[in-house]
Amino acid sequence: MQISISNTMEEASALAAKLIEDAVRKNPFTVLGLATGSTPLPLYAELVKACKEGLDFSRVRSFNLDEYYGLAPDHPQSYHYFMNENLFSKINIDLKNTRVPDGLAKDVPAFCKAYEEEMKAAGGVDIQVLGIGSDGHIGFNEPGSSPVSRTRLVSLTHSTIVDNTRFFANEAEVPRQAISMGIGTVMEARSCLLLAFGKNKAKAVKGMVEGGISQFCPASFLQMHASAYVFLDEDAASELQLKDYYKEIGAAR
Ligand code: GLP
């Protein structure tokens, strides 16, 4: 894992965006794995800026990590809606090249199998963007998720439902299930860029970076990834035992 600690989330996001922009410049057919939540918003703002300055996304393909089960694509809290609002409508990506799991899939196992097959047929994900839940989840892979899990229907933990209530009118409206890429799916991406900001992520970040590799902190499986980049602000890094060391080697880079 390469740990990068910035003063602000904007600075951290600009560093992460640069990796994506360089990849797209080098390979216009780059396959991106995309995430939702508040964390990637400044990163997406950077990509929008890069597109305005001439970066071409027209041949980029994308696969989103997850979607709430039961929400239609036009539901304002669906991840389809989020992606359209915050990225797809603002860059020149071809919507035909974007995929978000179908929250209304009737035959869920068949849908999940097809999603995996489509990713494979696209050549696999080159760069996977990730946030982290306060319980250490990535995508919607909650504690207890197997390291070899694939895209599937998952049940959200109570803490995730509580965390995500802020986006809904009340807790009862938060869907209880989601379709999510698995840990095994995420681990196949050629690179992973995980971003985490704020004090409420500090404990999960500590578990991910310095804890034992465990299903109890699904993000800790990224310790086994050959090309995982972690972008933090000071608050998210605040509980790391080796924080000063990561900063020193980061400055030397
Ligand atoms: C949801 C998403 C995750 C995201 C997490 C954190 O649970 N499924 O992909 O990382 O929220 O969200 P936020 O970035 O808003 O803190």
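Biologist: Which residues lie nearest the centre of the largest pocket?

Modeller: This is a predicted model, in which local features need pLDDT of at least 70 and side-chain atom pairs count only at pLDDT 80 or more, while totals for chains, interfaces and linings use all residues. Residues are numbered from 1 along each chain as its sequence is written, and side-chain values use heavy atoms, with hydrogens and water left out. A pocket here is an open set of points on a 1 Å grid over the protein atoms alone, where a 1.4 Å probe fits, with protein on both sides within 12 Å along at least five of seven lines, and a lining residue has an atom within 4 Å of a point. The lining of the largest pocket comprises 32 residues, and those nearest its centre are Thr-36, Gly-37, Ser-38, Arg-166 and Phe-167.

Biologist: Which element gives the most to the lining of the largest pocket?

Modeller: Helices (DSSP H or I, at least four residues) and strands (E, at least two) are runs numbered from the N terminus. Strand S4 (66-68), helix H3 (79-86) and helix H5 (158-164) each give two or more residues to this lining. With four residues, the element that gives the most is H3.

Biologist: Which pocket does the ligand sit in?

Modeller: A molecule counts as sitting in a pocket if more than half of its atoms lie within 2 Å of the pocket's grid points. By that criterion, the ligand sits in the largest pocket.

Biologist: How much of the ligand's exposed area does the protein bury?

Modeller: Polar contacts are pairs of N or O atoms within 3.5 Å. An oxygen atom of the ligand is 2.6 Å from a side-chain N or O atom of Lys-201, and a ligand nitrogen is 3.1 Å from a backbone N or O atom of Gly-139. Accessible area is computed by the Shrake-Rupley method with a 1.4 Å probe; of the 390 Å² that the ligand exposes when taken alone, the protein buries 95%.

Biologist: How many nonpolar residues does the lining of the second largest pocket have?

Modeller: Among the residues lining the second largest pocket are Leu-15, Lys-18, Tyr-229 and Arg-253, and strand S1 (2-6), helix H1 (9-26), strand S10 (228-233) and helix H9 (243-252) each give two or more. Ala, Val, Leu, Ile, Met, Phe, Trp, Tyr, Cys and Pro count as nonpolar, Asp, Glu, Lys and Arg as charged, and the others, Gly among them, as polar. By class, three residues of this lining are polar, three are charged, and the nonpolar ones number six.

Technical notes:
Polar contact = N/O pair within 3.5 Å; in protein donor to acceptor, adjacent residues only side chain to side chain.
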